[in-house]
Amino acid sequence: MPVTEGQVRRLRVNDTVTLNGTLYGIRDATHIHMFDRGRKTRFDLRGHALVHTAPNVKKVEKSNSYPTGYAPICIGTTTSDRMERYTRPLLAEYGARIIIGKGGLREASAAAFRDLGGAYLAVIGGAAALETTWIEQIEDVDLDDLNPESLWKFRVKGFGPLLVSMDSHGGSLYMEVNQAARAKRTAALASLGVKTGS
């Protein structure tokens, strides 16, 4: 990281990606302050990936290993859906390219990925302990009055493999699963003789 628009547009649903370098952590309060309350970050997010997280950390003495005075305890990914409305502004205003989370995003995010060149990478639930091992250091932190929903700058190595579950070509595993589930439901109800509205 960082990556270019061209690199992200080469990704397709079901590809796997492993990240190295810089990864930013962001969550509900961070988005609210950045986009609804007009606060700005000093971080340059252009070309970067952001993971939906509010990490569990502990205060320690600042050192070369802990330049921010924070040591990671457990840095896991949270559900993305409630942050849906912030995908487009993250890409358009800050130049972010990749969102990482659990559970996927909806149609507005799919449109933003298509229009601006972005992708969503999925983390399976319950993997927080493993994810924490992929983070080498908490390099920096901004908007830290929101702790733990600060804007975190992590140094990562081998963060993944993560599954591309939404791409910049309209591909979305979440939409595919939703459509397949609805079709099965309709077929099951029809086999029982239940009439459904169109």
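Helix α6 (residues 173–191) supplies the largest share of the lining of the largest pocket, 4 residues. Helices here are DSSP runs of H or I with at least four residues, strands are E runs of at least two, and both are numbered from the N terminus. The model is a predicted one, in which local features need pLDDT of at least 70 and side-chain atom pairs count only at pLDDT 80 or more, while totals for chains, interfaces and linings use all residues. Residues are numbered from 1 along each chain as its sequence is written, and side-chain values use heavy atoms, with hydrogens and water left out.

A pocket is an open set of points on a 1 Å grid over the protein atoms alone, with protein on both sides within 12 Å along at least five of seven lines; a cavity is a set where a 1.4 Å probe fits but cannot get out, and lining residues have an atom within 4 Å of a point. The space in the largest pocket comes to about 160 Å³, where a volume is the space filled by probe spheres set on the points, and grid points are joined across faces, edges and corners. By type, the lining splits into 3 nonpolar, 4 polar and 3 charged residues. Ala, Val, Leu, Ile, Met, Phe, Trp, Tyr, Cys and Pro count as nonpolar, Asp, Glu, Lys and Arg as charged, and the others, Gly among them, as polar.

Helix α6 has the lowest confidence in the protein chain, with a mean pLDDT of 75, while helix α1 (residues 5–9) has the highest, at 97. pLDDT is the predictor's confidence in each residue, from 0 to 100. Over the protein chain the mean is 91, and 97% of the residues reach 70 or more.

Next comes helix α2 (residues 28–36), which is largely enclosed by the rest of the structure because 7 of its 9 residues are buried. Buried means under 20% relative accessible area, exposed over 50%, and partly exposed in between, using a 1.4 Å probe and protein chains only. The buried ones are Asp-28, Ala-29, Thr-30, His-31, His-33, Met-34 and Phe-35. Their cover includes β1 (16–26), β2 (49–52), α3 (87–94) and β8 (151–166).

With β1 the pairing is antiparallel over 8 bridges, and Tyr-24 has Lys-153 of β8 as its bridge partner. With β7 (residues 135–142) it is antiparallel over 6 bridges, with Asp-142 opposite Leu-151. With β6 (residues 119–122) it is antiparallel over 3 bridges, and Ala-122 stands opposite Leu-163.

The structure also holds 1 cavity of 30 Å³ or more. The largest cavity, at about 40 Å³, is lined by Leu-23, Val-51, Thr-53, Ile-75, Gly-76, Thr-77, Glu-131, Ile-135 and Phe-159. Thr-53 sits in the loop between β2 and β3 (56–59) and is buried, with a relative accessible area of 1%. Leaving out residues up to four places away in sequence, Thr-53 touches Gly-25, Ile-26, Arg-27, Ile-75, Gly-76, Thr-78 and Phe-154, where contact means heavy atoms within 4.5 Å.

Notes
Two strands pair if DSSP finds at least two bridges between them.
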